[in-house]
Amino acid sequence: MVDPERRAVLVAHSRSAIKHGSQSFSAASKLFDQQTRERAWLLYAWCRRADDIADNQDMGGPLGDQSSAEERLALIRKLTGKALSGEPTGDPAFDALGVVAEECGLTAQMAEDVIEGFALDAQDWRPRTEADMLRYCYHVAGAVGVMMAVVMGVAPDDEDTLDRACDLGLAFQLSNIARDIVEDDAAGRCYLPAEWLVEEDIEPGQHTKPHHREELADMAARLVALVQKHEAAARVGAARLPFRSRWAVLSAARIYGAIGRKVRARGTEAWNRRTYVPRSEKALYGARAFLSALINREKHPDGPITWGIKDFRPNA
């Protein structure tokens, strides 16, 4: 049992982390009840800190020196293991994970699924197929969605609902990929499947060049189509959450979905400046999400839902 004063300190640290690290997630978290909100902050603090260690950066800023990546991964795993064992780590973000894991039943496998995403980047991994890209999206975002669902009260063994939480994370990351294609290329990374690049007849390493903007816009549209598919599946799971959690999830889904749709709408101009959702639009999406959460009549998406957590865990 964590000392209440120590917990309060960790919550304050985590609140600061999400406020500076993600305005969208910070805004969405305010829709939770107090207990869920604090737990979401605690989980976010670990995710942000682990990501920063993995990429040698500060609060998601520019990437630092990428040498010694394996040492940084080892440090993340060591501190995460200590946190999940209830040991003090000397790092408030990892201690925050220990608190929320104890309170909600987060498992070592859940945490390792997230860390595996950092490992893929450390290996300079590139997706060959669409399935490869979705596996990456699972590890860097879908797995976080699973942990967030447990924070919101979903039972750790409720596989179907956790699969739908995974869908929401996939949708978020696919929107990020569409928005950040040029930024990722500048950092030496590419998350577009190699098969897509071949289909578009793009020379290796040339996909962000001006003469390929039409092809880039085509691939962004394919990404957004996947966003919409997984977002629709996620709504099925959101319908099972308590009202305030449902409202928060649907708000975040609308905001992140808007990023992808804006990229698609801007076509070849999408990467001339960063795509974002203004506060006024976020407020509008929050209001619409409130009505959706209140009515709670989300339709099952067309076609079968084929992806689940087990598809992304080789040994599951």
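Analyst: Helices, in this account, are DSSP runs of H or I with at least four residues, numbered from the N terminus. The model is a predicted one. On that definition the chain holds 14 helices and zero strands, and its elements, from the N terminus on, run α-α-α-α-α-α-α-α-α-α-α-α-α-α. The radius of gyration is 19 Å, close to the 20 Å that the globule rule gives for 316 residues, so the chain is as compact as a globular protein of that length. Along the principal axes, the C-alpha atoms fill a box of roughly 60 × 50 × 40 Å.

Turning to the interior, 53% of the 316 residues count as buried. Among the contacts in the chain with a separation of 6 or more, 70% are accounted for by residues 24 or more positions apart. In soluble globular proteins, nonpolar side chains tend to be buried together. Here the largest nonpolar core has 98 residues, and the members that touch the most others are L43, W46, L106, M147 and L192. Helix 7 (residues 130-151) gives this core its largest share, 12 residues.

Residues up to four places away in sequence being set aside, M147 touches L43, W46, L97, L106, M110, A111 and V114. Three of these partners, L43, W46 and L106, are named with M147 among the core members that touch the most others.

Beyond residues up to four places away in sequence, I309 touches Y138, V146, L162, D163 and C166. The C-alpha atoms of I309 and V151 are separated by 17 Å, the two residues being 158 apart along the chain.

S175 lies in helix 8 (residues 159-179). With a relative accessible area of 0%, S175 is likewise buried. Its contacts, neighbours within four places in sequence left aside, are V227, Y256, G257, I259 and G260.

Methods: Residues numbered from 1 in each chain as written. Predicted model: local features only at pLDDT ≥ 70, side-chain atom pairs only at ≥ 80, totals over all residues. Heavy atoms only, no water. Helix = DSSP H or I, 4+ residues; strand = E, 2+ residues; numbered from the N terminus. Rg over C-alpha atoms; globule rule 2.2 N^0.38 Å. Buried < 20%, exposed > 50% of the residue type's maximum accessible area, 1.4 Å probe, protein only. Contact = heavy atoms within 4.5 Å. Core = buried A, V, L, I, M, F, W, Y, C linked by side-chain atoms within 4.5 Å.
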